[in-house]
Amino acid sequence: MEGQGIDEVRAPVDAHAAEAGKITRGAGVVAFFTSISRVAGLARDLVMSHLFGATAISDAFNVAFVIPNMMRRFVAEGALTVSFIPVYTEVRHKQGDDKAKDFYRATLGLLLILLVLLTLGGVLAARPMVYALASGFAEDPQKYELTISLTRWMFPYIFF
């Protein structure tokens, strides 16, 4: 540090603090909208329960909704969030914005391919997935087929 002015020493520290502040603000925005999403989901469930009650159709909808939602949690909420942000931040900090953008593009491309495959796989494998989670529905063929159909309609939710 000898021969350096205080401003030369402070500049990297200030840049790091500014970047940490951006990440904290970004995490706050994600947390805020996640909270809104949870409240909206609760409102949806309350309206569904009030309007439809406990019927075969609402049972079919609930199971059909749970399957892609469960897959989304396995793929997006856990692994991607925990792994991507620290690696992206490290690449950006050590290698610069251009390398970070390259890393982002490569990750996004891979994620899009995986999501398309997962969505197609879910649509095609709806029957065994419904049976695995709600085998009792097979006793009522209409309810079982409705659940399979709704699962196929809802599975693209993972992609979007």
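A salt bridge is counted here where a side-chain nitrogen of Lys or Arg lies within 4 Å of a carboxyl oxygen of Asp or Glu. By that criterion Arg44 and Asp45 are joined through their side chains, at 3.1 Å from N to O. The model is predicted: local features need pLDDT of at least 70, side-chain atom pairs count only at pLDDT 80 or more, and totals for chains, interfaces and linings use all residues. Residues are numbered from 1 along each chain as its sequence is written, and side-chain values use heavy atoms, with hydrogens and water left out.

**Overall architecture**

- The protein chain contains 5 helices and 0 strands; helices (H or I, at least four residues) and strands (E, at least two) are DSSP runs, numbered from the N terminus.
- Read from the N terminus, the order of elements is α-α-α-α-α.
- Of the 160 residues in the protein chain, 19% are buried, where buried means under 20% relative accessible area, exposed over 50%, and partly exposed in between (1.4 Å probe, protein chains only).

**Salt bridges**

- The whole structure holds 6 salt bridges, including the pair Arg44 and Asp45.
- Both partners of that pair are partly exposed, Arg44 at 33% relative accessibility and Asp45 at 40%.
- Lys143 and Asp59 form another salt bridge, with an N to O distance of 3.2 Å.
- This pair connects distant parts of the chain, since Lys143 belongs to helix H5 (residues 141-154) and Asp59 to helix H2 (residues 56-95), 84 residues apart.
- Lys143 counts as buried at 16% relative accessibility, whereas Asp59 is partly exposed at 28%.
- Glu90 and Lys94 also form a salt bridge, their closest N and O atoms being 3.3 Å apart.
- Both of these residues lie in helix H2, 4 residues apart, or about one turn of the helix.
- Glu90 is partly exposed with 44% relative accessibility, and Lys94 is exposed with 62%.

**Nonpolar core**

- The largest nonpolar core has 12 residues: Val63, Ile67, Leu115, Ala126, Met129, Val130, Ala134, Phe137, Tyr144, Ile148, Phe155 and Ile158.
- Such a core is a set of buried Ala, Val, Leu, Ile, Met, Phe, Trp, Tyr and Cys residues joined through side-chain atoms within 4.5 Å.
- In soluble globular proteins, nonpolar side chains tend to be buried together.

**Helix H4**

- Ala126, Met129 and Val130 are the buried residues of H4.
- These residues cover an arc of only 100° around the axis and therefore sit on the same side of H4; the arc is that of the directions from the helix axis to the C-beta atoms.
- Pro128 and Ala132 are exposed on the face of H4 turned away from the buried side.
- Val130, a residue of helix H4, is buried at 0% relative accessibility.
- The C-alpha atoms of Val130 and Val66 are 9.9 Å apart, although 64 residues separate the two along the chain.

**Helix H5**

- H5 has 14 residues and reaches 20 Å from its first C-alpha to its last, close to the 20 Å expected at 1.5 Å a residue; the expected span is 1.5 Å times one less than the number of residues.
- Lys143, Tyr144, Thr147, Ile148, Thr151 and Met154 are buried in H5.
- Viewed down the axis of H5, the buried residues fall within an arc of 135°, so they line one face of the helix.
- Pro141, Gln142 and Trp153 are exposed on the other side of H5.

- H3 has 28 residues and reaches 40 Å from its first C-alpha to its last, close to the 40 Å expected at 1.5 Å a residue.
- The buried residues of H3 are Ala100, Thr107, Leu115, Thr119 and Gly122.
- Val116 is found in helix H3 (residues 97-124) and is partly exposed, with 36% relative accessible area.
- Val116 belongs to a nonpolar surface patch with Tyr104, Leu108, Leu112, Leu120, Leu124, Phe159 and Phe160, which together have about 820 Å² of accessible area.
- Patches consist of residues with over 30% relative accessible area and no salt bridge, with like charges joined within 9 Å and nonpolar side chains (Val, Leu, Ile, Met, Phe, Trp, Tyr) within 5 Å.
- Accessible areas come from the Shrake-Rupley method with a 1.4 Å probe, and for residues only the protein chains shown count as cover.
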